[in-house]
Amino acid sequence: MPEGEPVVRREGTDLTIAVVGPTLYRVIEAADILQEKYGISTEVIDLRFVAPLNLDPIVASVKKTGRLVLTSDAVDRGSFLHTVASQIQTLAFDHLDAPSPWSAPATSSRRPRSWRRSSSRRPTG
């Protein structure tokens, strides 16, 4: 496989997850769970490189699934995935279906666990 070419590690039709780094193994496990519990067919793309990176396979997958999740084990601030997200949005905007019915609010992971269990337990005011 040439440098800069992403590899499709799992074929899918409902959701694309593009991953860089060792998070790949957790993503494959998550894709199995999504399929088994919810019937969501997930395409997993291993980006492998950040520079160079051929975006064509990612765009092709987004055209097929209509949804994209980007993930890595890097910190959010200054992450290369911000650049990938921007480029994919530019290249495949008309093919993205948003918001995804499976997405959680971006801040949900920062809330106390008790908040995530039930919306009725969230503080008011």
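A contact, in these legends, means heavy atoms within 4.5 Å. Everything shown comes from a predicted model, in which local features need pLDDT of at least 70 and side-chain atom pairs count only at pLDDT 80 or more, while totals for chains, interfaces and linings use all residues. Residues are numbered from 1 along each chain as its sequence is written, and side-chain values use heavy atoms, with hydrogens and water left out.

View 1. Helices (H or I, at least four residues) and strands (E, at least two) are DSSP runs, numbered from the N terminus. Starting at the N terminus, the order of elements is β-β-α-β-α-β-α-α. Among contacts with a separation of 6 or more, 74% are between residues 24 or more positions apart. Of the 125 residues, 31% count as buried; buried means under 20% relative accessible area, exposed over 50%, and partly exposed in between, using a 1.4 Å probe and protein chains only. The protein exposes about 8200 Å², and carbon and sulfur atoms supply 51% of that area (Shrake-Rupley method, 1.4 Å probe; for residues, only the protein chains shown count as cover).

**View 2. Helix 1 has a buried side and an exposed one.** Helix 1 covers residues 24-38 and has 15 residues. Its first and last C-alpha atoms are 20 Å apart, close to the 21 Å expected at 1.5 Å a residue (the expected span is 1.5 Å times one less than the number of residues). Which residues of helix 1 are buried? They are Leu24, Val27, Ala31 and Leu34. These residues sit on the same side of helix 1 because they cover an arc of only 70° around the axis, the arc being that of the directions from the helix axis to the C-beta atoms. On the other side, you can find Tyr25, Arg26, Glu29, Glu36 and Lys37 exposed. The cover over the buried residues includes strand 1 (7-10), strand 2 (15-20), strand 3 (42-46) and strand 4 (68-72). After helix 1 comes glycine 39, with a positive phi near 70°.

**View 3. Arginine 9 and aspartate 46 form a salt bridge.** A salt bridge is a side-chain nitrogen of Lys or Arg within 4 Å of a carboxyl oxygen of Asp or Glu. The whole structure holds 4 of them. In this one, N and O are 3.0 Å apart. Arginine 9 lies in strand 1 and aspartate 46 in strand 3, so the pair ties together parts 37 residues apart in sequence. Arginine 9 is partly exposed at 44% relative accessible area, whereas aspartate 46 is buried at 10%.

**View 4. Aspartate 32 pairs with arginine 10 in another salt bridge.** Their closest N and O atoms are 2.3 Å apart. Aspartate 32 belongs to helix 1 and arginine 10 to strand 1, so parts 22 residues apart in sequence are tied together. Aspartate 32 counts as partly exposed, at 31% relative accessibility.

**View 5. Glu11, Glu43 and Lys64 share one salt-bridge network.** Glutamate 11 and lysine 64 form a salt bridge, with their closest N and O atoms 3.4 Å apart. Glutamate 11 lies in the loop between strand 1 and strand 2, and lysine 64 in helix 2 (residues 56-65), so this pair links parts 53 residues apart in sequence. Is glutamate 43 buried or exposed? Glutamate 43, found in strand 3, is buried, with a relative accessible area of 3%. Its side chain also makes a polar contact of 2.5 Å with that of lysine 64 (a pair of N or O atoms within 3.5 Å; within protein, one must be able to donate a hydrogen and the other to accept it, and residues adjacent in sequence count only if both atoms are side-chain atoms).
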